[in-house]
Structure formats: structure tokens, C-alpha cells
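Have the coordinates open and try each task before reading on.

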Amino acid sequence: MDSELRSASVSRRSMPLPIEMDPRATWGFNRAELFGRDRWRALCDEAAGKADGHCEACRSPLENSMDCDPMWSWRLVEMTSGTVFLLRRLIRIRALDRECFLATHYGWAGVLGVQDAARERLARVNGLSQHEVETMITNAFELWRWRSSFRCLTDLRSGAVRDPGSVRRLEVDQ
């Protein structure tokens with residue numbers, strides 16, 4: 001799956017609106033709590049400024065519907081104990097409108113019952129047919145299942161790696 005993870009990552013990143021579903025181990029962890037409320041607000045304000053007040057995926061004006069979306073790189077790391085973790089490292093924060101945010105987090109859109117609108121948004125913004133969107137969704141769920149089979153660690157570039165549920169300091173190679 002590691003080579004599949006890399007190739008899926010390349011194809012997703014080439015689209016303006018990829019599907020990025022958070023692994024189970026990261027659920028229930030508020031982003032403002034993960035980053036700290038003040039830092040999160042500052043990162044969101046910076047992302048909106050860099051995007052010139054527009055959604056980075058569809059370019060519509062953000063107005064009052066902005067969601068901040070952390071973008072992560074993913075890799076497996078093995079600790080000296082032999083335990084394997086999935087490390088997500090923050091790449092950047094991007095500004096999305098609500099509809100693009102729900103489309104990129106397709107699993108959450110399903111929980112909210114707005115998956116049809118999310119599918120339409122994925123098709124329109126990425127220039128895909130409905131069949132291509134369905135394939136994209138199937139692949140995203142396969143990747144989500146694989147990622148969810150690992151315990152996750154989060155690297156916020158602060159020198160510390162955070163493990164949802166507890167905070168542990170670990171050495172991570174750059």
C-alpha cells in the first residue's frame with residue numbers, strides 16, 4: 001500500500017479539490033485545540049489573506065463561509081520499539097468555502113447528509129464526470145480504511161509530535 005499511498009497522493013494533489021478524509025484515530029480532536037485557539041485563528045486569518053479572500057479550490061469569494069483546512073503529508077514511521085505509526089505532518093492551511101470543505105471531507109459530508117452536493121462540487125471544481133467522481137470516492141475510502149488501521153501521530157512543525165488523546169514528545173527525522 002505504501003507505493004499506492006504515494007501514487008494516490010500525487011493524483012489527489014494535482015486536483016484543486018482532493019478528497020482528504022481524516023483517519024479514525026484523529027476523529028473528535030478539535031483543530032483549534034490541536035493548534036491552540038489563538039494560533040488556529042491566526043493561521044486561518046493568514047490563509048484567508050494569502051487566498052485574497054477567495055476559496056483556494058473554486059475561487060468563489062469566502063465572505064462569511066470560510067473553513068480552514070489543514071493539508072497534511074502522510075508517512076509511516078517505525079519507533080525504536082518496533083511500533084509503526086502513521087505520521088501526518090502539517091504542510092499548510094488553506095482557505096475553503098463551506099461547500100468545498102465538505103466536498104474535500106467527503107466522509108463528514110456523508111455524516112451531515114450532504115454527500116450529493118459534495119459529489120457535484122467535486123465534479124465541477126475538478127472537471128470530472130460523475131463516474132470519475134465515484135472512482136475518486138471509492139479510492140478515497142480505500143485510503144481512509146488503510147490510514148485508519150494505524151495509530152496516528154501529528155507533527156505541527158513545533159518540534160513536538162502530538163498523539164490525539166495524549167501528548168508525547170518524540171524524535172522525528174526531518
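A disulfide is a pair of cysteine sulfur atoms within 2.5 Å. The model is predicted: local features need pLDDT of at least 70, side-chain atom pairs count only at pLDDT 80 or more, and totals for chains, interfaces and linings use all residues. Residues are numbered from 1 along each chain as its sequence is written, and side-chain values use heavy atoms, leaving out hydrogens and water.

**Exercise 1.** Find which cysteines a disulfide joins, and where they lie.

*Solution.* Start with the count: the rule gives 1 disulfide. Next, identify the pair: Cys44 is joined to Cys68, with an S to S distance of 2.2 Å. Then place both ends, taking helices (H or I, at least four residues) and strands (E, at least two) as DSSP runs numbered from the N terminus. Cys44 sits in helix 3 (residues 37-50) and Cys68 in strand 1 (residues 66-78), so the bond ties together parts 24 residues apart in sequence.

**Exercise 2.** Decide whether Cys44 and Cys68 are buried or exposed.

*Solution.* Recall the cut-offs: buried means under 20% relative accessible area, exposed over 50%, partly exposed in between (1.4 Å probe, protein chains only). Cys44 has 2% relative accessibility, so Cys44 counts as buried. Cys68, at 8%, counts as buried.
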